[in-house]
Amino acid sequence: MKAVLYKDIQFVEISEMKKPIIADNEALIKVKYAGICGTDLHIFNGLHPRVKAPLVMGHEISGIIEEMNTDRKDIKIGDRVVINPLISCEHCVSCREGNHHLCSNLKLVGIDQNGGFEEYVKVRDDKLYRIPNSLPLDLAALVEPVAVAIHAVRKSKLLVGDKVVVMGGGPIGQLVALICKINGASLIVLSEIILERLNFAKKMELITVSSKEEAIKKVMEMSKGEGADIVYEAVGIQATYDYITELVKIGGKIITIGAANKPIALDMWKVYFRELNLIGTHVYTFKDIEVAIELLNDYPKTFRPFISKVIELKNLQAELRRLVDGTSKVMKVLVKS
């Protein structure tokens, strides 16, 4: 089979590999689509601490079951599926308490074992979710990032009529904003500095701002000086946390989504004095994936604009280069196998 192997910093190469051989409780999936994620760009740049070359990247995967060695009765060969790439140990305290996404020994398909930038991938059978025939396989490849956004919104306990701010207009931030819109937020302000992302948000009919001063002014004007009920931070940098407490109302919520690569300072005096709620989020639960499948199936036209382009395996090296150097400013690129 054909696979794209990460071999060195900013170098991947299409290669011929043996098709994986499945063991007990595993299935072989014919990959149809795999999305390029920010994590893949970190790997490509040599910045992921766990990754060892050679590796097949890609963890946002849709495909069809080709072979299976499992006792599961709810799936069969030929079924259209998406993959939960989280590999939990099932033994730590988090796993024992049902919080598999918070596993102390969490690993991922596409990071700790070969992922979706290949024609066939093998996974544990409990990582498979059958999707409706009405859900196209390209849209199904969005299930993983949509589940991340759903997890953040569900953790925030968003209420109909809430006023929200989303800091960061990358794929996850835009998906959070869209899911808040679907779930009845009365006001959504998205803060971003990249023009292409601002234009994308405007097409979704979101209110956009591009600076600290503009964000504070707009939020206060539209909330009658009270601030937002919920602020979602989807960047993970100090610059957004420098003023995040100025956007949220007394007793409001700050939801952390963006993965920071170093410690972040926060005005804890305002957190204390105004009784702000700081809520961390990490990836997604089994339920979040199920909800993501339902949402994508129910709102296909709403989510389709997130697919910016589809490329072939042989073009992955060039596309990764464009993404890391900023010449490709897109929302989501899918790789078709």
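Start by selecting the buried residues of helix α12: what covers them includes β1 (2-8), β2 (11-16), α1, β16 (309-312) and β17 (333-336). Before going on, know that this is a predicted model, where local features need pLDDT of at least 70, side-chain atom pairs count only at pLDDT 80 or more, and totals for chains, interfaces and linings use all residues. Residues are numbered from 1 along each chain as its sequence is written, and side-chain values use heavy atoms, with hydrogens and water left out.

**Stop 1: helix α12**

Which residues of α12 are buried? Pick Leu-316, Gln-317, Glu-319, Leu-320 and Leu-323, in a helix that spans residues 316-325. Here, buried means under 20% relative accessible area, exposed means over 50%, and partly exposed is in between (1.4 Å probe, protein chains only). Helices (H or I, at least four residues) and strands (E, at least two) are DSSP runs, numbered from the N terminus. Now look down the axis of α12: its buried residues fall within an arc of 165°, so they line one face of the helix. That arc is taken from the directions from the helix axis to the C-beta atoms. Just after α12, click on Gly-326, with its positive phi of about 85°.

**Stop 2: helix α7**

Next, select residues 212-222, which form α7, and find the buried Ala-215, Ile-216 and Val-219. Down the axis of α7, the buried residues keep within an arc of 95°, so they line one face of the helix. What do the buried residues of α7 pack against? Show β10 (163-167), β11 (187-191), β12 and β13 (228-233). α7 is followed by Lys-224, which has a positive phi near 60°.

**Stop 3: the cores**

Now color the largest nonpolar core, which has 94 residues; Phe-117 and Tyr-232 are those with the most contacts inside it. A nonpolar core is a set of buried Ala, Val, Leu, Ile, Met, Phe, Trp, Tyr and Cys residues joined through side-chain atoms within 4.5 Å. Helix α4 (residues 143-156) gives this core its largest share, eight residues. Zoom in on Tyr-232: leaving aside neighbours within four places in sequence, its contacts (heavy atoms within 4.5 Å) include Ala-152, Val-166, Cys-180 and Ile-257. Apart from that core lies another, of 19 residues, among them Leu-187, Val-219, Val-248 and Ile-254.

**Stop 4: around α9**

Helix α9 holds Trp-269 and covers residues 268-273. Is Trp-269 buried or exposed? Trp-269 is exposed, at 55% relative accessible area. Draw a line from the C-alpha of Met-268 to that of Thr-245: the two are separated by 8.9 Å, though they sit 23 residues apart along the chain.

**Stop 5**

Most residues other than glycine have a negative phi, and most peptide bonds are trans. With that in mind, go to Ala-53 and Pro-54, joined by a cis peptide bond with omega about 0°. Pro-54 lies in the loop between α1 (38-44) and β4 (60-69). Then jump to Glu-205, where phi is positive, near 65°. Glu-205 is in the loop between α6 (195-203) and β12 (207-209), and is exposed at 67% relative accessible area. Finish at Val-283, whose phi is near 45°, also a positive value; look for Val-283 in the loop between β15 (277-280) and α10 (286-298).
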